[in-house]
Amino acid sequence: MDGFDELGEWHGSMEELGEWLEENTERVEMTDNKAMRICDNKGFQLDLPNGITVSVQWGPGNYVDPDVKNADWDAPKKAIDGDNHWGSNTAECAAYLTKDSGGLEWVAVPGFTGPISEDDKSLYDDVVGHLDVQGVLDFINLASQLDATKNPVSIGNKMMNYLEKQNENAIDKFFSGLVKFSGTNYKDN
């Protein structure tokens, strides 16, 4: 009979080995709950123990080397599909609160993310670009030492708050008509 012998060596055809593997290998489904993730073939995310996730990206549209930033959107995938490596000398980094669901809540990383303008300190950029390898390591290290606190002056957080408020107002306006019609307030249910 074909199969593995007592020394763990396979005796049989490659086709039979494939069938054996199909029958005897447990499939593991990938989920978003992994602490380390590859993103769009052009970067990664790390869920740090302090409740902050760091995103490191180098691809089209990111704040990176001009040839990489201006490449076609599918260039990273094409490079990998063609057995090549996708790369850049610089990367873009961001930090946000680690969550299982909901929207992003950006975290300020002092010395990296900061005011959009020197004249106006009320609005912070959420990403920092053009970091070399040492800069990426420093960003991750500093982010790992922070308290997991949402940045109140983050441009992304302010935008999300605005959109949530607009959505709540739209929902309230829609349901206020139903309240008049039915006499029941949807917020009471």
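This is a predicted model: local features need pLDDT of at least 70, side-chain atom pairs count only at pLDDT 80 or more; totals for chains, interfaces and linings use all residues.
Let's start with the overall layout. The chain has 189 residues, and 29% of them are buried. Its secondary structure consists of five helices and seven strands. Going along the sequence, these elements come in the order β-β-α-β-β-β-α-α-β-β-α-α. Take the contacts between residues at least 6 apart in sequence: 54% of them join residues at least 24 apart.

Next comes the inside. In soluble globular proteins, nonpolar side chains tend to be buried together. In this model, the largest nonpolar core has 18 residues, and the members that touch the most others are V54, V56, C93, V136, F139 and I140. Strands β5 (52-57), β6 and β7, along with helix α4 (133-143), each give two or more residues to this core. C93 is a handy place to look around. Setting aside neighbours within four places in sequence, C93 is in contact with S55, V56, D126, V127, V128, L131, V136 and F139. Apart from this core there is a second, separate one of five residues, including V64, V68, A79 and W86.

Strand β6 (residues 91-97) runs antiparallel to β7, and three bridges join the two. Within this pairing, A91 stands opposite L131 of β7.

Now for the charged side chains, where the count comes to five salt bridges. One of them pairs R37 with D47, whose closest N and O atoms are 3.0 Å apart. This pair links distant parts of the chain, with R37 in strand β3 (residues 36-38) and D47 in strand β4 (residues 43-47), 10 residues apart. Are the two partners buried or partly exposed? R37 has a relative accessible area of 17%, so it counts as buried, the cut-off being under 20%. D47, at 23%, is partly exposed.

Another salt bridge brings together the side chains of D74 and K78, at 3.3 Å from N to O. D74 is partly exposed, with a relative accessible area of 36%. K78 reaches 52%, and because the cut-off for exposed is over 50%, K78 counts as exposed.

A further example is E105 with K99, where the closest N and O atoms are 2.9 Å apart. E105 is buried at 19% relative accessible area, while K99 is partly exposed at 45%.

M159, M160, Y162 and L163 make a nonpolar surface patch of about 400 Å². One of these residues, M160, sits in helix α5, which spans residues 155-182. With a relative accessibility of 31%, M160 counts as partly exposed.

Methods: Residues are numbered from 1 along each chain as its sequence is written. Side-chain values use heavy atoms; hydrogens and water are left out. Patches are made of residues with over 30% relative accessible area and no salt bridge: like charges are joined within 9 Å, nonpolar side chains (Val, Leu, Ile, Met, Phe, Trp, Tyr) within 5 Å. Accessible areas come from the Shrake-Rupley method with a 1.4 Å probe; for residues, only the protein chains shown count as cover. A salt bridge is a side-chain nitrogen of Lys or Arg within 4 Å of a carboxyl oxygen of Asp or Glu. Helices (H or I, at least four residues) and strands (E, at least two) are DSSP runs, numbered from the N terminus. Buried means under 20% relative accessible area, exposed over 50%, partly exposed in between (1.4 Å probe, protein chains only). Two strands pair if DSSP finds at least two bridges between them. Contact means heavy atoms within 4.5 Å. A nonpolar core is a set of buried Ala, Val, Leu, Ile, Met, Phe, Trp, Tyr and Cys residues joined through side-chain atoms within 4.5 Å.
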